[in-house]
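Here's a protein–DNA model to look through together. Have a look at the sequence and the 3D view first, then read on.

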2 protein chains.
Amino acid sequence: MRAQDSLLPAEPSFARVKRYLKQGLAEQRWPPGTRMPSEAQLVAQFGISRMTVGRALKELQSEGLIDRVQGVGSFAAALHRVSSTLTIRDLQEEIEARGHRHRAEVHHQAVERAGRDLASQLGLSASSPVFHTRIVHFENDQPLQCEDRYVNPACAPGYIDQDFSRITPTRYLFRHTALWRAQYTIESALPTFQEARLLRIRRADPCLIMVRRTFTRDAVITLARLVHPGGRYQLSGEFNP
Amino acid sequence: MRAQDSLLPAEPSFARVKRYLKQGLAEQRWPPGTRMPSEAQLVAQFGISRMTVGRALKELQSEGLIDRVQGVGSFAAALHRVSSTLTIRDLQEEIEARGHRHRAEVHHQAVERAGRDLASQLGLSASSPVFHTRIVHFENDQPLQCEDRYVNPACAPGYIDQDFSRITPTRYLFRHTALWRAQYTIESALPTFQEARLLRIRRADPCLIMVRRTFTRDAVITLARLVHPGGRYQLSGEFNP
DNA sequence: CAACTCTACTTGTCTAGACAGGTCGGAGCA
DNA sequence: TGCTCCGACCTGTCTAGACAAGTAGAGTTG
C-alpha cells in the first residue's frame, strides 16, 4: 500500500511529516514567527488522517520547534533560546565512562546539629541532627571534586553508616531515596582554604562550583556543594533540534 | 458525561492517567525497573480508549520517566541521572527579564584573516576573512559579560555592518541565520589581562567562561567566548519529572 | 535434549469520524 | 462610527475499532 514496500521498514507517516516540516524550518521556508501549514492542509497534502498529522505537530511543539495556538494556527518558533539538556551524572560513572579509575577519600563523616541557615535550607528545625560528609573524588589519582554534603536523616537513615570509599553518596542516595526534583546553580569562585588543600591546588586557582539540592515529593533530601578545579573539569553539551 | 461537570475546565483524560502514573512512581509503587500497568489494563481501569492511554504513556516516555519495549511492556525508568534543560538565552533578554537595563560597548569590530586554528574551528581555509567583534555587556552599568566572537562571513554577510550597541550579536544571528546545532563548554578560569580590564575586575578574580559554537546544517556560523565575572553571574536550573 | 511452532500478550501505528473551545474578520445593525 | 453577532477556520481532545510487529513461554516434534 505505502510507497516503500521494500526490505527496510517503511518510515511511519507521522515521521515523514515531521521530517518534511523540520527540513522546511531548516531552510527557512517558514521564517521564525510566520504561519506554518495547518493540520487540514497537511492532511490533504499527505493523504493521512488528522490524528497522525496532529502527532507530528505535537512532537515538534514539545521539541520547541513550533508554537501552536488554539484557534489561530501553528507558527515557526523564534528559536531565540538555545536550550540543551544538561545531564548531571554520578561522578564515578562519568570517570569510568572515560575509562579512568575513580577513587574517593572520606575526610569527614559525622552527625551534626544544623545551624539556622542550613536547617532552613533542608526544611528542618534549627539544631536538629543532620548527616555531614566531606569526600574528595579522584580521577586517576588527580583530585577532581571536593564534595561537601548535608543529608536529611529522615530521607536516608542509613546514609551515615555507609563506606563512601566503596559507593558514592550520589549513587547511594539515588538507590535509596525517591528523587523527585532537583535544583542547581553553577558558578565560578575561589575555593576555601580547606578545599584548596584537599584538591591540592592554590587558593588563587578558580573553581567551578555547583550547588545542588534534591527533593522527594515533600522534603529536601540533600544539599551538596561540589567544587571542581577550574582547569580540570568542564561541563559540555550540545543542542540539536 | 465526565465526572467533572463544574466551572473549571475538566482535566483531560490523558492528563489524569499521567498524573496517576507519576504519583505512583513518586511513591515507588513501581520501583525502578519493574513492570508498570499495560495499556490494556489502564484502558479497563479508566474506561477510556487505547489512543488516550497511549498518549499518556508516550509522553511519560519522552519525559524519561518510563521505558517502553514493544512486545514486552512499560517499565519504571531507573532515573539514575539528573538531567535538566539548560537554557541559554540571549543575555539582553535575560537582563531585561529581570527588569534591569542592558547596555553594550563595542570595543572591536573588524574583518580579519583567520589563523590556522581559528580557520579549522570555523571550517574555513587558513587566512580566509572572518568577522571579529569584542563587546562588553552591562547590566545596570555593571559589566556582566565580555563577548569575543568570530563569525563566518558566508553565513551572515551583513554581520560586520551592524551597530551592536543596538542589537546583540546573538539576536542578530538568531534572526538572520538558520541555527541548526550548537555546542558549548562551560568552565572556570582566570580572565585574560584584557578581559579583566574590560570587565573592571582583577586578573585574579575567577570567571565563568562559556565557549559556544553554532552551526547551520552544513557550516559553522560562529565561535564565541563569553566571559562572566564569577561572583556576578551564575547558571541555574531545575529538574522536575 | 534441542529446535521449532503456535499462541497470548504487548507496544507501534493508523483511520475516519466526532465534539469542544478558541480566534478573527465581516455582515448587519444601532 | 461603533457595536454585536455569526460563520469560517484553527487546534485540543477523544472514540472504537484495525493491522503490524515484537517478545516470551508453552507445547510439539525430531
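What follows goes through confidence, the DNA surface, the helix pairs and the sheets.

Residues are numbered from 1 along each chain as its sequence is written, while chains are lettered from A and ligands numbered from 1 in the order in which they are written. This is a predicted model, in which local features need pLDDT of at least 70 and side-chain atom pairs count only at pLDDT 80 or more, while totals for chains, interfaces and linings use all residues.

pLDDT is the predictor's confidence in each residue, from 0 to 100. Chain A has a mean of 88, and 91% of its residues reach 70 or more. Residues 1–7 of chain A are another story: pLDDT stays under 50 there, and the model has three contacts beyond four places in sequence for them. (Two residues are in contact if their C-beta atoms, placed from the backbone, lie within 7 Å.) Where pLDDT is low, the predicted coordinates should not be read in detail.

**Around DNA strand C**

At least two residues each come from H1 (13–26) and H3 (50–62) of chain A, and from H2 (39–46), H3 (50–62) and E2 (73–76) of chain B. Those labels are DSSP runs numbered from the N terminus: helices (H or I) have at least four residues and strands (E) at least two. H3(A) gives the largest share of this surface, with three residues. By class, the surface has seven nonpolar, 11 polar and three charged residues. Here Ala, Val, Leu, Ile, Met, Phe, Trp, Tyr, Cys and Pro count as nonpolar, Asp, Glu, Lys and Arg as charged, and the others, Gly among them, as polar.

**A helix pair in each chain**

Two packed helices are described by the angle between their axes and the distance between the axes. Axes are lines fitted to C-alpha atoms, for helices over the stretch in contact, with angles from 0 to 180 degrees between N-to-C directions.

| Helix pair | Axes come within | Crossing angle |
|---|---|---|
| H2(A) and H3(A) | 9 Å | roughly 115° |
| H2(B) and H3(B) | 9 Å | roughly 115° |

In chain A, the contact is made by A:Glu39, A:Leu42 and A:Val43 of H2(A) and A:Arg50, A:Val53, A:Gly54 and A:Leu57 of H3(A). That contact has four nonpolar, one polar and two charged residues.

**Sheets that use both chains**

One open sheet has seven strands in the order E4(A)-E5(A)-E6(A)-E9(A)-E8(A)-E7(A)-E10(B), with antiparallel pairing. Strands pair if DSSP finds at least two bridges between them. Its edge strands, each pairing on one side only, are E4 (102–113) of chain A and E10 (235–239) of chain B. The twist averages 15° from one strand to the next. E4(A) and E5(A) (residues 129–139) share 11 bridges, and A:Glu112 stands opposite A:Val130 in E5(A).

Another open sheet of seven strands runs E10(A)-E7(B)-E8(B)-E9(B)-E6(B)-E5(B)-E4(B), again with antiparallel pairing. Here E10 (235–239) of chain A and E4 (102–113) of chain B are the edges. E4(B) is joined to E5(B) by 11 bridges, with B:Arg113 opposite B:Pro129.
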